[in-house]
Amino acid sequence: MCGIFGYSGSKNASEKILEGLKRLEYRGYDSWGIAVLASEIKVNKQVGAIGDINQLDNLPKSNIGLGHTRWATHGGITQINAHPHFSSNKSFALAQNGIVENYVFLKQDLIKKGYKFQTETDTEVIVRLVEDKLKGEKQLKDAVRKAFLELEGRNTIIILTKDNQLIAARNGSPLVVGVNNNEIFYSSDTLSFAPFVTKVLVVDNGQMVTSKDGELKLWDIKSGKKLAYQLENIDFQSSKVEKQGYDHFMLKEIMESPYVIRQVINQPDNVAFINKLKKARVYTIGSGTAGLAADQIAFYLRNFGKVFAQSLIGADVYDYYNLLSKKDLIIAPSQSGETADVLEVLEMAHKIGVKIASYVNMPGSTMTRISDYKFASLAGPEICVMSTKIFTSQIAWGYLMAKKVKGKGEEGIKNLKILADQVEKYLNTKANHDLLKKLAKMLAQADDIFLLGKYQNLNIVKEGMVKIIEGSYIHAHGIPAGDLKHYAITLIEKGVPVIAVLSEDIEKDDVINAVNEVEARGATVVGFSPTPHHKFDYYIPVPDSGETSAIMNIIPLQILAYYMAVDLGHNVDKPRNIAKSVTVK
Ligand code: BG6
């Protein structure tokens, strides 16, 4: 998944595009590129993180252009594979976000027709295909339509033409257009142009937008028919995209956890959704951290809501397709609302009449648009690629919905209010950070780290594992405490660090049993718990939050992962090889 950006207006395009790309960089940071039009189209593309304006000296002043930030899927991380890509006669330049699943077949056909290829990318195949269609079309936009219809997979493309046009087409990967007087912005998400626009157009699948001389048009790709469109207001506080004095967005966003829990408490009631929860067979679904949030939501619905709820991993659902029915409800927690693996399932389920509920952070997302029950976490932008406050928001929301199913909404709100105060106090206590910093220094030297938890803390240790892997690139393994003795205990030997996460709940003793088993084999035991234990070599005191104890427990694990990444000198907000929103399968 990548980020695409386009601009036309009165300002210097390369500057506006560079600013937009910087706000999109969390979508991929392998390479980047900008194309602008003066007397001809000029391109500047580089490998690595997005640079600054000085790197654009070779780009002429211009009022129109496009940009791209890349997360490599096809072809190595090289300057030639960086986007945008030129047509053979340089009459247009194209950038893409997505994967052309049938690109090998299309490329072979184009090679037979004599087209030459300079890169290993699937993107260049789209460029040559458009050139080929242009032989039978008067207008470039129609050649783009015809070519786009032959692409399989989730793709969005943007094109800058020599005759001063921007053209963009969508099938799957997100595409939004921002408008402000005579300025038009194209992008993969609203966050990137929010400070500059007042109105947006969210382009749907199978639609294409063109703009020339400030005039924006919307088209149906299949028929070529012109479509009417409605611009929506966008309410965005750009200040929330600054670090506000923190060294990294990750710490800033963890420190916002009390605020996001209070945002959950302030959510308007949705009686229809609660009633559906009571009757339906419920599936929860997500990818990565959101997948673990989905599993924790299912845990809360079973544990406190007494609802049959099963979690699904976004990327692996095929065997459930034949089981889904109109009686079912699928709940999708998602930061971006654009994760392709999950969207693919929701789009299929929607077609067969399954009810969809989504809990999304980014405004105007595709997931929100196809949902029957639309929830917004209202937690403010999450810029760090490692999700922290949004995970906390997603599981706190799941807990409250489960309490509401059993008519204990008030009790749930009271517990979350206490939790928000406890988290605030914990985060603002320097001694807690000092303790975690010291522990982080030790764990940052480890080759392998194991995390043990059970019942309400199983997904918490798995998310702790994810944060350590994402930030420190150290192999970590979150294990159901009771399952340890069946396999993973073979990996435990002298000095191997094992983090045990406990709550004052019915399964505490079982976790202590597992602690004894690893301690007996020489492990270095780190206990995250409301109460100390003599088998802990390192003890991290965590407030006892009763039913919401698991939500409290993720906070010190997120901070630990942060200090480990800092201690290792890693790019905390943009860890290697991952990106914030995965819009490709
Ligand atoms: C990954 C992110 O790319 O996608 C994770 O790095 C995230 O943090 C996962 O949980 C799912 O994304 P989303 O937007 O659906 O929450």
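**The ligand and its surroundings**

In this predicted model, the ligand is surrounded by 13 residues, and the closest of them are Ser 334, Gln 335, Ser 336, Thr 339 and Ala 579. Sorted by kind, the residues of this shell comprise four nonpolar, seven polar and two charged ones. As for its location, the ligand sits in the largest pocket.

Ser 336 contributes a polar side-chain atom, which lies 2.6 Å from an oxygen atom of the ligand. The ligand on its own has 380 Å² of accessible area, and the protein covers 91% of it.

Turning to other places in the chain, Arg 27 lies in the loop between helix H1, residues 13-24, and strand E2, residues 31-37. Arg 27 counts as buried because its relative accessible area is 2%, which is under the limit of 20%. The side chain of Arg 27 reaches the backbone oxygen of Cys 2, at a distance of 2.9 Å. Val 345 belongs to helix H9, which spans residues 340-351, and is likewise buried, with a relative accessible area of 2%. Between Val 345 and Tyr 318 there are 27 residues of separation in sequence, while their C-alpha atoms are 8.5 Å apart in space.

Most residues other than glycine have a negative phi, and most peptide bonds are trans. Against that background, His 83 and Pro 84 are joined by a cis peptide bond with an omega of about 5 degrees, and Pro 84 is found in the loop between strand E4, residues 64-70, and strand E5, residues 85-86. Lys 90, although not a glycine, has a positive phi of about 55 degrees; Lys 90 lies in the loop between E5 and strand E6, residues 92-98, and is partly exposed at 46% relative accessibility. Asp 213, also a residue other than glycine, has a positive phi near 50 degrees. The loop that holds Asp 213 runs between strand E12, residues 207-212, and strand E13, residues 215-220, and Asp 213 is exposed there, with a relative accessible area of 64%.

Methods:
Residues are numbered from 1 along each chain as its sequence is written. This is a predicted model: local features need pLDDT of at least 70, side-chain atom pairs count only at pLDDT 80 or more; totals for chains, interfaces and linings use all residues. Side-chain values use heavy atoms; hydrogens and water are left out. A residue is near a molecule or strand if one of its heavy atoms lies within 4 Å of it. A polar contact is a pair of N or O atoms within 3.5 Å; within protein, one must be able to donate a hydrogen and the other to accept it, and residues adjacent in sequence count only if both atoms are side-chain atoms. Accessible areas come from the Shrake-Rupley method with a 1.4 Å probe; for residues, only the protein chains shown count as cover. On a 1 Å grid over the protein atoms alone, a cavity is a set of points where a 1.4 Å probe fits but cannot get out, and a pocket is an open set with protein on both sides within 12 Å along at least five of seven lines; lining residues have an atom within 4 Å of a point. A molecule sits in a cavity or pocket if more than half of its atoms lie within 2 Å of its grid points. Ala, Val, Leu, Ile, Met, Phe, Trp, Tyr, Cys and Pro count as nonpolar, Asp, Glu, Lys and Arg as charged, and the others, Gly among them, as polar. Helices (H or I, at least four residues) and strands (E, at least two) are DSSP runs, numbered from the N terminus. Buried means under 20% relative accessible area, exposed over 50%, partly exposed in between (1.4 Å probe, protein chains only).
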